[in-house]
Every structure is written in structure tokens, then in C-alpha cells.
Amino acid sequence: MKKTPFWWEEAEPQHGERTLDRDSCNALIVGAGYTGLSAAITLAESGVTDVFVVEAQRIGEGASSRNGGQIGNAPKFDLEYAARKFGMKRAHEIMDDYSQAMPFMLERALTLTDPFDLNICGTVTGAHTRADLKKLTSIRETLPEHERPSFELLPEQEVRRVLKTSIYRGALVKHDQGSIHPAKYVRALANRARALGVRIFTGFRFLGSEAAGTGHRATLRDVDSGGTFSLRADKILLAVNGYAGPELPWLRKRTIPVQSYMIATEPRPFDEMEELIPGNRVAGDTKRILYYFRRSPDGTRMLFGGRARFRTSTEEQSARGLRRFMEHTFPSLKGVKITHSWFGNVCFAYDFVSHVGRLDDGVYYSSCCNGNGISMATYLGHRTAEMMLGVPGHDRGVVNTHFPRLYFYDGHPWFLPMVGTWYRFLDRSARWTD
Ligand SMILES: Cc1cc2nc3c(=O)[nH]c(=O)nc-3n(C[C@H](O)[C@H](O)[C@H](O)COP(=O)(O)OP(=O)(O)OC[C@H]3O[C@@H](n4cnc5c(N)ncnc54)[C@H](O)[C@@H]3O)c2cc1C
């Protein structure tokens with residue numbers, strides 16, 4: 001079993017430039033995932049020259065080349081919750097940001113020349129309980145009339161039309177959502193950024209910055225040689241999501257990095273897999289500790305994700321747990337070989353909302369995709385770039401909302417095992433009382 005993402009078989013992350021030959025740039029972006037690269041594209045498309053991206057690992061080696069490749073844009077809260085926190089006007093704008101994310105990503109996709117297996121195959125959300133099915137029903141009912149036809153509700157006896165499993169009480173199928181190959185997508189964004197003149201430096205860790213005239217002086221460390229470099233930048237954006245290290249204490253105190261795990265099975269006959277998930281749709285469910293799963297783009301493998309344990313786990317431990325969940329969902333996969341097991345960090349905010357803003361020292365940030373970030377990160381990168389450019393009307397929705405912090409928390413989520421145990425109990429008891 002390989003301990004690297006299945007996606008890397010076809011699109012392993014690559015290094016960018018390894019020599020920093022300049023001591024100044026106009027915009028410095030920290031993090032070469034979807035957020036950072038999308039921000040770089042918007043800046044460069046708007047005519048900003050000398051846009052530099054620095055990445056501590058290889059291009060896209062954070063969550064952006066490791067995820068499930070399911071695209072949709074469901075916030076983890078509703079309008080009422082957002083209104084309580086931010087007032088009704090902001091709440092509407094925030095919901096609008098979430099609904100803009102996927103159309104924006106599809107629009108950006110048209111400008112990419114590299115293929116990334118985009119497939120509007122539909123997504124399925126399995127209802128864990130009857131109460132969850134009611135919630136899915138009300139989600140559909142609150143949609144504007146013209147959006148409803150692309151959301152189909154299935155009662156329990158019809159779930160098998162879309163998933164050959166008996167574990168769900170019903171399902172919501174969103175026909176206008178789908179899947180991508182995540183590692184090919186981040187590579188395509190990087191190549192588009194480079195075509196626009198953006199320079200991507202990898203193997204450099206951003207250590208911090210201080211004000212210098214009208215801009216900033218950043219310190220970078222070469223992760224191989226340990227040498228440090230100073231780089232002047234007019235503007236800096238932190239696009240590190242679930243990978244904020246101790247050098248970024250302000251973000252660390254406000255973000256909860258959560259490891260999410262995935263496995264891939266050996267290839268199986270196409271027809272057998274087509275029977276399990278017809279039409280190569282992608283799926284998740286309504287549990288607090290959800291399962292998410294799909295077939296590989298060629299339709300022959302099962303890729304299954306979730307949280308097998310809440311303590312740090314090895315790839316072997318998480319593969320054992322995920323195999324159990326997968327066999328529970330699809331008993332016919334009992335005993336199939338697992339060929340890949342891997343994990344990556346997703347990033348949560350305490351209020352489950354994405355946040356874009358500017359620190360007191362003028363450095364910008366875009367953070368917290370709350371586990372659902374392919375389209376949202378692409379969109380947030382763009383929105384942050386608009387803020388950096390001072391585009392009129394940028395101060396709306398998720399931009400400049402209060403980003404809460406938890407006191408006595410420094411970025412090490414010591415409470416996750418307890419929260420995980422509690423959530424798992426709630427998931428189980430919801431089914432007992434269903
Ligand atoms: C296993 C898994 C499954 C997922 N499944 C889905 C899914 O199906 N659908 C979906 O929509 N979302 C999914 N997600 C979430 C999605 O992958 C993320 O929301 C998205 O990739 C975030 O992109 P990003 O650019 O903000 O962050 P990342 O891609 O994580 O990039 C941040 C980068 O910043 C770099 N960095 C951090 N600190 C520094 C520093 N000091 N100096 C230099 N570089 C630094 C890191 O090395 C990292 O590469 C999943 C995530 C995981 C891990």
C-alpha cells in the first residue's frame with residue numbers, strides 16, 4: 001500500500017523555481033494551493049506585474065492535491081445562523097458568496113489549458129436519519145424556483161437508483177455539481193498563473209514580515225539549505241489554510257487544522273463499480289463525522305474518505321478504519337485490496353464561515369474552507385485579490401467579517417479527540433432514536 005495520494009500517480013506535485021534571484025516584488029503570495037494560485041491569476045489578469053508565490057513544499061502539496069475532488073458549494077450553516085452572527089444584510093451576501101463559488105470556478109476553468117477531468121456528474125448527499133432527510137427537503141424547498149429542478153430528493157426506497165447501499169434514509173442529488181482530478185486542477189492553475197507571468201518559488205517557508213515604507217519586508221527560509229532571504233513586497237497574502245505553522249500565530253489561534261483521510265482500492269471491473277455508483281457520481285452524507293466517496297475518474301476504483309480516528313493516525317491505522325466504513329457502505333467490496341492511503345489538512349473556523357481580511361500590519365489573509373474548499377478556495381483567492389486591488393464593492397460577504405479566536409488555544413487542537421468522540425456518539429444515537 002502506498003502512503004501517497006492516488007492522485008499523484010498521474011499528477012505528482014512538482015517543484016517550481018528553487019532560486020530566489022530578486023529582492024523585491026509587487027505581490028507576495030504565501031501558499032501554492034487553489035487559494036494562492038487563484039489570487040495570483042486574478043492579480044496578474046488585472047495587470048499586476050511581479051507576482052511571486054512562495055510555497056514551503058511543492059506546488060499544491062497541501063490539501064489541494066490530496067482531496068476528494070468533489071465540487072459543490074454547500075456552507076455548513078444556514079441564513080438564520082449567519083444573520084444572528086453578522087446581521088441580515090451580511091448574511092445574504094455571505095450566502096451569495098457560497099453560491100457564487102462554483103460558477104466562478106467553472107468560469108475560471110474555461111481559461112485553463114490543462115485538462116483536469118472535470119465531470120458534472122452530480123453529487124449525492126445521503127441522509128443519515130429521517131430528521132436529516134427533512135432538513136435536506138427544506139434546503140430544496142428554500143431554493144429559488146429556477147434552481148429546484150437540479151436538486152432531486154430521493155426517499156429511502158429510491159436511494160439505490162444512485163448508490164447501491166442500504167445505509168441511508170434518503171438522499172439529495174444535486175445534478176449540477178460534480179468532480180475533478182484535484183492534483184491535475186492545481187497543476188492547471190499553476191500553469192495558467194505562470195503563463196500570465198507569475199513566478200512560483202517552492203521549498204521556501206515564509207517566516208514573517210515587518211513594515212517597510214509603504215510595503216513589507218518578508219523573511220523566507222530555504223527549507224533545504226536553511227538559508228534565509230529577505231524579500232520586499234508591496235502586498236502580502238497568506239493563503240495557507242490548514243497548514244499555518246507557528247510562524248503565523250494570528251492565524252493559528254483562529255483556525256483548527258483537521259486531518260482528513262482517504263483510501264483508494266485496487267481497480268475493479270467497470271460494470272461492478274457502475275452498479276455501486278451509477279454515472280460516476282460523487283457522494284457524501286449528513287453525519288457529523290461524515291463518509292465521502294466516489295469512483296476514480298476512469299470509474300474502476302473506489303476512493304473513500306472520512307475520519308477513521310481522532311488521534312493522529314498512521315496511514316495503516318486510517319486505512320483499517322476507512323476499510324471498515326467502506327465495507328459497511330458497500331458490503332460487496334469486502335476484502336478488496338487497498339492500494340493507497342493518505343491524509344491532508346482541512347481548515348475550520350470556530351464559526352464555520354470562511355474569512356478573508358487584512359491584519360493590522362496590512363498583510364492580507366484568506367482562510368477556512370471548512371472541509372469544502374475546491375470551488376470556495378478558487379473563489380476566495382479571487383475575492384482576496386479583489387480586496388488587494390481595492391476593487392470597488394469588495395467589502396461584502398465573507399470579506400472583513402469578525403474572525404473569532406479561542407482563548408487558551410495556540411493552534412494545537414488538543415480537544416479534537418474529545419469532540420470526535422462526542423460527535424461519533426451523537427451520530428450513533430441519532431440513528432438509535434430515528
Ligand atoms: C483528504 C481531503 C479531502 C478533501 N475533500 C474535498 C472535497 O472533496 N471537496 C472539496 O471541495 N474540498 C475538499 N477538501 C478541502 C480542500 O482540499 C481544501 O479546502 C483546499 O485544497 C484548500 O486550498 P488552499 O489553497 O486554501 O490550501 P492548501 O492547498 O492546503 O495550500 C496551503 C499551502 O500553504 C503552504 N504553506 C503553509 N505555511 C507556509 C509558509 N509559512 N510558507 C510557505 N508556504 C506555506 C502549505 O505547504 C500548503 O501547500 C479536502 C481536503 C482533504 C485534506
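At 30% relative accessibility, Asp50 counts as partly exposed, since "partly exposed" covers what falls between buried (under 20% relative accessible area) and exposed (over 50%), using a 1.4 Å probe and protein chains only. The areas themselves come from the Shrake-Rupley method with a 1.4 Å probe, and for residues only the protein chains shown count as cover. Keep in mind that this is a predicted model, where local features need pLDDT of at least 70, side-chain atom pairs count only at pLDDT 80 or more, and totals for chains, interfaces and linings use all residues. Residues are numbered from 1 along each chain as its sequence is written, and side-chain values use heavy atoms, with hydrogens and water left out.

Back to Asp50: this residue sits in the loop between helix H2 (34-45) and strand S2 (51-55). Helices (H or I, at least four residues) and strands (E, at least two) are DSSP runs, numbered from the N terminus. Most residues other than glycine have a negative phi. Asp50 is not a glycine, yet its phi is positive, at about 50 degrees. Phe408 belongs to the loop between helix H10 (374-389) and helix H11 (416-432), and with a relative accessible area of 81% it is exposed.

## The ligand and its shell

Around the ligand there are 37 residues, and Thr35, Glu55, Ser64, Gln70 and Ile374 come nearest; a residue is counted here if one of its heavy atoms lies within 4 Å of the molecule. By type, the shell divides into 16 nonpolar, 17 polar and 4 charged residues.

Now for the individual atoms. An oxygen atom of the ligand lies 2.9 Å from an N or O atom in the side chain of Gln57. A ligand nitrogen is 2.8 Å from a polar backbone atom of Gln70, and a nitrogen atom of the ligand is 3.3 Å from a polar backbone atom of Tyr243. Taken alone the ligand exposes 1000 Å², and the protein buries 98% of that. The elements giving two or more residues to this shell are H2, S2, strand S9 (204-212), strand S12 (256-265), strand S16 (338-348) and H10.

## One cavity

Rolling a probe the size of a water molecule over the atoms shows where empty space is left. The search runs on a 1 Å grid over the protein atoms alone: a cavity is a set of points where a 1.4 Å probe fits but cannot get out, a pocket is an open set with protein on both sides within 12 Å along at least five of seven lines, and lining residues have an atom within 4 Å of a point. Grid points are joined across faces, edges and corners, and a volume is the space filled by probe spheres set on the points.

Over the whole structure, the search turns up 1 cavity of 30 Å³ or more. The largest cavity holds about 30 Å³ of space. Its lining consists of Ala74, Lys76, Tyr98, Phe352, Cys369, Asn370, Asn372 and Met376, which split into 5 nonpolar, 2 polar and 1 charged.

## The second largest pocket

The second largest pocket has about 370 Å³ of space. Its lining is made of 14 residues, with His128, Lys287, Tyr291, His328 and Arg428 nearest its centre. Helix H9 (315-329) and H11 are the elements that give two or more residues to this lining, and H11 gives the most, with 5 residues. The lining divides into 6 nonpolar, 2 polar and 6 charged residues.

## Pairs along the chain

Trp7 is found in the segment before helix H1 (8-11) and is buried, with a relative accessible area of 0%. Trp7 and Lys184 are 177 residues apart in sequence, with 8.0 Å between them in space, C-alpha to C-alpha.

Key: Ala, Val, Leu, Ile, Met, Phe, Trp, Tyr, Cys and Pro count as nonpolar, Asp, Glu, Lys and Arg as charged, and the others, Gly among them, as polar. A polar contact is a pair of N or O atoms within 3.5 Å; within protein, one must be able to donate a hydrogen and the other to accept it, and residues adjacent in sequence count only if both atoms are side-chain atoms.
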